[in-house]
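Trainee: Could you pick a single part of this structure and take me through it closely? I would also like to see how it sits in the rest of the chain.

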Amino acid sequence: MKKITLPLLAAAVPMLLSGVARSADIPDTWSKNCASCHGPDGTGHTKAGRMAQVKDMTSADYQKSFTDEQATKQIKEGFKDSSGKERMKAFADKLSDGEVKALVAYVRSLSK
Ligand code: HEC
């Protein structure tokens, strides 16, 4: 009994821990990198959010206006308006592909 369960536990514990760490990190990543403009809840009711003219991410209509691919691209490359003014920073060199993917899912979860 002991011989079987111990190796299994040894394999399962790091897997469980890394899963927990990843999901717990995303709200933290959001609050550090995104909430200044988009707000902790995604409504964008912040000073920087008003200046950058972000839209309300809790709106299902707004969520429908972009695809996951577009969201991924924008998080990586940022967003400039037609006059070339940067309104959202590029995060490609700050965040891993996995983090960007998790953030897209997080953004989707903000929709009401
Ligand atoms: C400097 C302010 C600012 C920061 C910081 C910021 N954003 Fe944005 N974000 C914007 C603006 C502005 C828009 C575009 C609103 C519009 O469509 O006019 C936007 C749009 C988006 C969109 C919609 C993309 C699309 O294709 O329309 C997503 C998704 C997004 N942001 C995610 C994030 C994530 C994730 C972070 C943190 C890693 C982040 N943003 C940080 C300003 C910001």
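Mentor: Happy to! Helices here are DSSP runs of H or I with at least four residues, strands are runs of E with at least two, and both are numbered from the N terminus. Read that way, the protein chain follows the pattern α-α-α-α-α-β-β-α, giving six helices and two strands. Keep in mind that this is a predicted model, in which local features need pLDDT of at least 70 and side-chain atom pairs 80 or more, while totals for chains, interfaces and linings use all residues. Residues are numbered from 1 along each chain as its sequence is written, and side-chain values use heavy atoms, without hydrogens or water.

Let's look at the iron site. His38, through NE2, and Met88, through SD, coordinate the iron atom of the ligand at 2.0 to 2.1 Å. This pair links distant parts of the chain, since His38 lies in helix α2 (residues 35-38) and Met88 in strand β2 (residues 86-88), 50 residues apart. Donors are N, O and S atoms within 2.8 Å of the metal (3.2 Å for Na, K and Ca), and sites may look incomplete because water is not among the atoms. The iron atom has six donor atoms with angles of 85 to 178 degrees among them, and its site is octahedral (six donors, opposite ones over 155 degrees apart and all others between 65 and 115). His38 and Met88 are both buried, meaning under 20% relative accessible area with a 1.4 Å probe and protein chains only, where over 50% is exposed and anything in between is partly exposed. Across the 112 residues of the protein chain, 27% are buried.

Strand β2 also holds Glu86, which is partly exposed, at a relative accessible area of 46%. Leaving aside residues up to four places away in sequence, Glu86 touches Phe79 and Lys80 (contact means heavy atoms within 4.5 Å). The C-alpha atom of Glu86 is 8.6 Å from that of Ala52, 34 residues away along the chain. For the protein chain, 46% of contacts between residues at least 6 apart in sequence join residues at least 24 apart.

Val100, Leu103, Val104, Tyr106 and Val107 are buried in α6. Down the axis of α6, these buried residues fall within an arc of 160 degrees, so they line one face of the helix (the arc covers directions from the helix axis to the C-beta atoms).

Terms used:
Four donors count as tetrahedral if all angles lie between 85 and 135 degrees; four count as square planar and six as octahedral if opposite donors are over 155 degrees apart and all others between 65 and 115; anything else is irregular.
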